[in-house]
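Okay everyone, let's get the picture up on the screen.

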Amino acid sequence: MKMYQASIQLRARARGFHLITSEVLQAIPQLREVKTGMCQVFIQHTSASLTINENADPTVRIDFETYFNKAVPENDPDYEHNDEGPDDMPAHLKAAMLGSSVMIPVTNGRFNLGTWQGIYLCEHRDYGGARSLVITIWGE
């Protein structure tokens, strides 16, 4: 079995949902060497998350942001953790809901994603800064 790992830093992005599939692919060219395997992409932050979803229509990303802002509002008086501003605790909750990693099957040296699937960086802070990812691939 082969195993590869790379760490990358994504540039700072505005709050919202951003496709990062191409950046992940560029970071780990060894993917081409794996015929059958898995790839885990892990984000090393607690106020941003990762998910896989629609990669064609940008309105999906807008609707994601709208939904999560309604589901986890800012300025809730019950939040105790607010040292870094009104988006702080909501960002942690949104990240917990979506998760810190995604798993993608690898087939013949390529991600085996569906036709309309891509990897999203879900930036939940107004000014989250650069984000670090660890990408791990294993397989035959």
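Predicted model: local features only at pLDDT ≥ 70, side-chain atom pairs only at ≥ 80, totals over all residues.

What does Arg-125 touch, if we skip residues up to four places away in sequence? The list is Arg-15, Ser-47, Glu-84, Asp-87, Asp-88, Ala-91 and Arg-131. The side chain of Asp-87 makes a polar contact with the side chain of Arg-125, at 3.0 Å. With Glu-84 the backbone oxygen is involved: it sits 3.0 Å from a polar atom of the Arg-125 side chain. And Gly-85 is 40 residues from Arg-125 along the chain, with 9.5 Å between their C-alpha atoms.

Now for the sheet. Strands of a sheet pair through backbone hydrogen bonds, either parallel or antiparallel. Here we have an open sheet of five strands, ordered 1-8-3-5-6, and the pairing is antiparallel. At the edges are strand 1 (2-10) and strand 6 (110-111), each pairing on one side only. Strand 6 is joined to strand 5 (residues 101-107) by two bridges, and Thr-107 stands opposite Arg-110 in strand 6.

The largest nonpolar core has 24 residues, and the ones touching the most other members are Val-41 and Leu-133. Which element gives the largest share of this core? That's strand 1, with four residues. If you click on Val-41, its contacts beyond four places in sequence include Val-24, Leu-50, Ile-104 and Leu-133. There's another core lying apart from that one, with six residues, among them Phe-64, Phe-68, Leu-98 and Tyr-120.

Last stop, the aromatic rings. Searching the whole structure turns up six aromatic pairs. Take Phe-17 and Tyr-120: their ring centres are 6.2 Å apart and the planes are at 70°, so this pair is edge-to-face. Because Phe-17 is in strand 2 (residues 16-19) and Tyr-120 in strand 7, the pair ties together parts 103 residues apart in sequence. Phe-17 counts as buried at 5% relative accessibility, and Tyr-120 counts as buried too, at 0%. Ring pairs also link these two with Phe-64, Tyr-67 and Phe-68 into a cluster.

Terms used:
Residues numbered from 1 in each chain as written. Heavy atoms only, no water. Pairing = 2+ DSSP bridges. Contact = heavy atoms within 4.5 Å. Polar contact = N/O pair within 3.5 Å; in protein donor to acceptor, adjacent residues only side chain to side chain. Core = buried A, V, L, I, M, F, W, Y, C linked by side-chain atoms within 4.5 Å. Buried < 20%, exposed > 50% of the residue type's maximum accessible area, 1.4 Å probe, protein only. Phe/Tyr/Trp six-rings, centres within 6.5 Å; stacked < 30°, edge-to-face > 60°.
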